[in-house]
Structure formats: C-alpha cells, structure tokens
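Subject: Handover of a structure

Dear colleague,

I am passing the structure below to you, together with an account of what was found in it. Please read the notes with the structure open beside them.

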Amino acid sequence: QVQLVESGGGSVQAGGSLRLSCAASGRTFSNDVMGWFRQAPGKEREFVAHINWSGGSTYYADSVKGRFTISRDNAKAMVFLQMNSLNPEDTAVYYCAAVFQRGYWSGTYYSQQSRYDYWGQGTQVTVSS
C-alpha cells in the first residue's frame with residue numbers, strides 16, 4: 001500500500017520557520033518527482049514546490065521563492081520543505097505528492113496537481129501575526 005505521511009506542521013508566529021517532512025512507503029520513490037501543495041481555508045489547493053527524482057532540480061511558486069526550500073533524501077524515502085520567513089498568508093494544510101518522473105523534467109509540467117498519482121493526508125500550518 002502506497003503511503004505518504006506528512007509531519008512537522010504546527011503553529012508559529014510571523015517571521016518564524018517550520019520544516020515539513022514527508023515519509024514515503026509502499027513503492028520506490030527514488031524515481032519520482034515529489035511535490036508540496038497547500039490549501040488555505042476557502043481556497044483551492046495550490047502548488048508550492050517540487051523536486052525531481054535526483055534532487056538536482058527544483059521549482060517553486062513565486063509566492064514562496066526565496067523563503068521555502070525543498071529537498072529529498074532518497075535513501076530514507078523522504079522529502080522536506082524548509083519554510084522560513086513565514087507570514088499569515090502561508091497558513092494552510094500542506095500536502096505531499098508523488099508521481100513517477102516520465103522523461104524530461106519540466107518545472108511547469110509538474111506544478112500541476114493533476115500530474116500527481118499519490119497524495120498524503122496533509123499537515124496543518126498556522127502562522128499568526
């Protein structure tokens with residue numbers, strides 16, 4: 001059974017930092033693109049960041065560029081999202097997602113949530129002002 005389990009969410013004040021983790025199991029994720037998405041209350045789920053199978057290429061939403069960093073550890077089947085300089089607009093449920101990387105990696109292609117086959121249950125991040 002394929003599972004993605006997020007952790008590391010919580011409450012933090014504006015300007016603070018959090019590190020989210022996503023643990024993958026049930027299949028080989030080392031060939032997958034791994035992504036983070038988020039959904040704020042009353043809004044649609046949106047793309048945050050993704051990373052290619054090797055970790056050598058990353059892509060970010062403009063809203064988080066320069067503040068968030070995605071990374072992965074294929075030996076541990078984990079992906080991380082380091083979030084710095086958080087602001088209240090970052091409050092959302094954060095989801096980890098995975099899909100087998102088919103051929104050439106494209107930042108814009110894998111920013112679409114419809115590309116992903118596997119999803120976690122999400123972890124809540126709340127940023128207070």
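I begin with the pairing of two strands: β1 and β3 run antiparallel and are joined by 5 bridges. Within this pair, Q3 stands opposite S25 in β3. Please bear in mind throughout that the model is a predicted one.

The side chains of β1 alternate between two faces.

The protein as a whole

There are 11 strands and 0 helices in the protein. Read along the sequence, the pattern is therefore β-β-β-β-β-β-β-β-β-β-β, and the protein is as compact as a globular protein of its length, because its radius of gyration of 14 Å is close to the 14 Å that the globule rule gives for 129 residues. The C-alpha trace spans about 40 × 30 × 25 Å along the principal axes.

Of the 129 residues, 43% count as buried. The protein exposes about 6,500 Å², and carbon and sulfur atoms supply 45% of this area. Among contacts with a separation of 6 or more, 61% are between residues 24 or more positions apart.

The nonpolar core

The largest nonpolar core has 36 residues, and W36, L81, M83 and Y94 are those with the most contacts inside it. Two or more residues each come from β3, β4 (32-39), β5 (46-51), β7, β8, β9 and β11 (123-128). The strand that gives the most is β9, with 6 residues. In soluble globular proteins, nonpolar side chains tend to be buried together.

Which residues is Y94 in contact with, leaving aside its neighbours within four places in sequence? They are E6, L20, W36, F37, R38, V48, F68, L81, M83, G122, T123 and V125. This list includes W36, L81 and M83, which were named above for their contacts inside the core.

Two loop residues with positive phi

A77 is found in the loop between β7 (68-73) and β8 (78-83). Its phi is near 55°, a positive value in a residue other than glycine. A77 counts as partly exposed because its relative accessibility is 24%, and buried would require under 20%.

S85 has its place in the loop between β8 and β9 (92-100). The phi of S85 is likewise positive, near 50°, in a residue other than glycine. With a relative accessible area of 43%, S85 is partly exposed, since exposed would require over 50%.

Yours sincerely,

A colleague

Key: Residues numbered from 1 in each chain as written. Predicted model: local features only at pLDDT ≥ 70, side-chain atom pairs only at ≥ 80, totals over all residues. Heavy atoms only, no water. Helix = DSSP H or I, 4+ residues; strand = E, 2+ residues; numbered from the N terminus. Buried < 20%, exposed > 50% of the residue type's maximum accessible area, 1.4 Å probe, protein only. Core = buried A, V, L, I, M, F, W, Y, C linked by side-chain atoms within 4.5 Å. Contact = heavy atoms within 4.5 Å. Rg over C-alpha atoms; globule rule 2.2 N^0.38 Å. Areas by Shrake-Rupley, 256 points an atom, 1.4 Å probe, with all protein chains shown as cover. Pairing = 2+ DSSP bridges.
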